[in-house]
Amino acid sequence: MAQEELGTGTMKETVHAALTEVAERARRREAFEYWTSRDNTDLLDPEIMKHAW
């Protein structure tokens with residue numbers, strides 16, 4: 001099942017891909033926690049954010 005989901009051909013590739021996924025998930029969680037723990041009220045201000053995109 002994991003091999004199919006990750007698109008890998010061998011057990012070694014599957015383990016490597018799974019560990020990579022876990023590490024990337026941890027980095028995303030850390031980034032999310034960083035941005036949500038700061039005073040980012042500007043990110044919620046539509047007047048300010050309309051210039052961002």
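Modeller: Start with Y34. Y34 is partly exposed, at a relative accessible area of 40%. Bear in mind that this is a predicted model.

Colleague: Why is Y34 called partly exposed?

Modeller: Buried means under 20%, and exposed means over 50%. Y34 has 40%, so Y34 falls in between. Y34 lies in helix α2, residues 11-36.

Colleague: What makes Y34, W35, L43 and L44 a patch?

Modeller: Members of a patch need over 30% relative accessible area and no salt bridge, and nonpolar side chains are joined within 5 Å. Y34 has 40%, so Y34 passes the area cut-off. Together, Y34, W35, L43 and L44 have about 490 Å² of accessible area on the surface.

Colleague: Which residues form the aromatic pair, and why is the pair called edge-to-face?

Modeller: The structure holds one aromatic pair. Y34 and W35 form that pair, at 5.0 Å centre to centre and 85° between the planes. Ring centres must lie within 6.5 Å, and planes over 60 degrees apart count as edge-to-face.

Colleague: Now T14. Is T14 buried or exposed, and how do you know?

Modeller: T14 has a relative accessible area of 11%. The limit for buried is under 20%, so T14 is buried. T14 also lies in helix α2.

Colleague: What is T14 in contact with, leaving aside its neighbours within four places in sequence?

Modeller: A2, Q3, L6 and T8. Contact means heavy atoms within 4.5 Å.

Colleague: How many salt bridges does a search of the whole structure find?

Modeller: Two. Side chains of opposite charge can pair when their charged atoms come close.

Colleague: What makes K50 and E47 a salt bridge?

Modeller: The cut-off is a side-chain nitrogen of Lys or Arg within 4 Å of a carboxyl oxygen of Asp or Glu. For K50 and E47, N to O is 2.8 Å, so the pair qualifies. E47 is partly exposed, at 49% relative accessibility.

Colleague: Why is E47 not called exposed?

Modeller: Exposed starts over 50%. E47 is at 49%, so E47 counts as partly exposed.

Colleague: And R29 with E33: where do they lie, and what is the N to O distance?

Modeller: R29 and E33 both lie in helix α2, four residues apart, about one turn of the helix. Their side chains meet in a salt bridge at 4.0 Å, N to O. R29 is partly exposed at 44%, and E33 is partly exposed at 42%.

How values were computed:
Residues are numbered from 1 along each chain as its sequence is written. This is a predicted model: local features need pLDDT of at least 70, side-chain atom pairs count only at pLDDT 80 or more; totals for chains, interfaces and linings use all residues. Side-chain values use heavy atoms; hydrogens and water are left out. Patches are made of residues with over 30% relative accessible area and no salt bridge: like charges are joined within 9 Å, nonpolar side chains (Val, Leu, Ile, Met, Phe, Trp, Tyr) within 5 Å. Accessible areas come from the Shrake-Rupley method with a 1.4 Å probe; for residues, only the protein chains shown count as cover. Helices (H or I, at least four residues) and strands (E, at least two) are DSSP runs, numbered from the N terminus. Buried means under 20% relative accessible area, exposed over 50%, partly exposed in between (1.4 Å probe, protein chains only). Rings of Phe, Tyr and Trp (its six-membered ring) pair if their centres lie within 6.5 Å; planes under 30 degrees apart count as stacked, over 60 as edge-to-face and the rest as tilted.
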